[in-house]
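User: I would like to learn how to read the folded features of a model. Please take them one at a time, with the general idea before the case.

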Amino acid sequence: MRDTTNKSFRPMKQRTRRFVINGKAITVSDKSSGYIENKYGQFYLHYVDVNDEWGTYLVLVKARRYSDYMPIFGNDEVYLRIDSGCATGYIFDDATCDCRLQLEHAMSMIAKNGSGMVIMSEAQDGRGFGLEFKLKTLTAIKDLGIDTVSAFNRVSKSGKADRRTYEGTIAIMKLFGIKSGNKVVLLTNNPDKIGMLRDHGFNVSYKAYHPRIRNRLLAINMKGKREKLGYREG
Ligand SMILES: [Zn+2]
């Protein structure tokens, strides 16, 4: 099809910044952004590279104002979800975890609030152990009737149920202009993430979401996260 507009188009310029976070030199590059619409609203999706072990992040952004595709949050209350990606839930609609329900709820909350971000590290799928590992835990959950926390302990053998790190996420928040003065409403049930952001000086409150339980394995997993990891009730 012929390009019929006379308007000029200038794609977003790549932005690179460096921060020192937890003593680590973090370089963060916002490489490009695309406009998307879904049933929750209108967003820009950014492709962001970080020089940590997780590499590429996807950052979904909504703001009342933008400058060169970057949000201007001003004094806004910024709704934030920190997401590890979930190939089984997001691509294949697995209902034994609540990731998809949490992401959809977060997008609807951000759209209603008018300001917010989802920072997603797909490489952190499976609590930072990766998808190959996570698939084994899903079978352990099914075959042994244990919850996700026990399954991670069982399969990892290290006793660790989580190996995610958040320096890249903090760098992305700073790159996108979330300042310590902004009130950040973290959309999470996970107390570790709330504490982590407070440790970095952000003014954080949280909203936990407890979705309707649709099947037995999801019920077991959510009970395990509440009892063993201190997850908040919605
Ligand atoms: Zn999931």
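User: Which residues point one way from strand 8 and which the other way, and are they buried or exposed?

Analyst: Two remarks on the model come before the case. Residues are numbered from 1 along each chain as its sequence is written. This is a predicted model: local features need pLDDT of at least 70, side-chain atom pairs count only at pLDDT 80 or more, and totals for chains, interfaces and linings use all residues. Strands (E, at least two residues) and helices (H or I, at least four) are DSSP runs, numbered from the N terminus. A residue is buried if 20 or more other C-beta atoms lie within 10 Å of its own, exposed if 12 or fewer, and partly exposed in between, with C-beta atoms placed from the backbone. In strand 8 (116–120), Gly 116, Val 118 and Met 120 point one way, Met 117 and Ile 119 point the other way, and all are buried.

User: Which strands pair with strand 8, and in which sense?

Analyst: Strands of a sheet pair through backbone hydrogen bonds, either parallel or antiparallel. Two strands count as paired if DSSP finds at least two bridges between them. Strand 4 (56–62) runs antiparallel to strand 8, joined by five bridges, and Val 59 stands opposite Ile 119 there. Strand 7 (77–83) pairs with strand 8 in the parallel sense, also over five bridges; Tyr 79 has Gly 116 as its bridge partner.

User: In what order do the strands of the sheet lie?

Analyst: The eight strands form an open sheet with mixed pairing, in the order 1-2-3-4-8-7-9-10. Strand 1 (15–21) and strand 10 (203–207) are the edges, each pairing on one side only. At the strand 10 end, five bridges join it in parallel to strand 9 (residues 183–187), and Leu 186 stands opposite Tyr 206.

User: How many residues does the largest nonpolar core have?

Analyst: A nonpolar core is a set of buried Ala, Val, Leu, Ile, Met, Phe, Trp, Tyr and Cys residues joined through C-beta atoms within 7 Å. The largest has 40 residues, and those with the most contacts inside it include Val 59, Met 117, Ile 119 and Ile 172. Helix 5 gives the most to this core, with five residues. Leaving aside neighbours within four places in sequence, the contacts of Ile 119 include Val 59, Ile 82 and Ile 172.

User: Which residues of helix 7 are buried?

Analyst: An α-helix has 3.6 residues a turn, so residues three or four places apart point the same way. In helix 7 (residues 216–229), the buried residues are Asn 221, Met 222, Gly 224 and Lys 225. They cover an arc of only 155° around the axis, which puts them on the same side of helix 7; the arc is that of the directions from the helix axis to the C-beta atoms. The face turned away from this buried side carries the exposed residues Arg 216 and Glu 227. Helix 3 (131–144) and helix 4 (148–156) are among what covers the buried residues.

Key. Two residues are in contact if their C-beta atoms, placed from the backbone, lie within 7 Å. Axes are lines fitted to C-alpha atoms, for helices over the stretch in contact, and angles run from 0 to 180 degrees between N-to-C directions. The expected span of a helix is 1.5 Å times one less than its number of residues.
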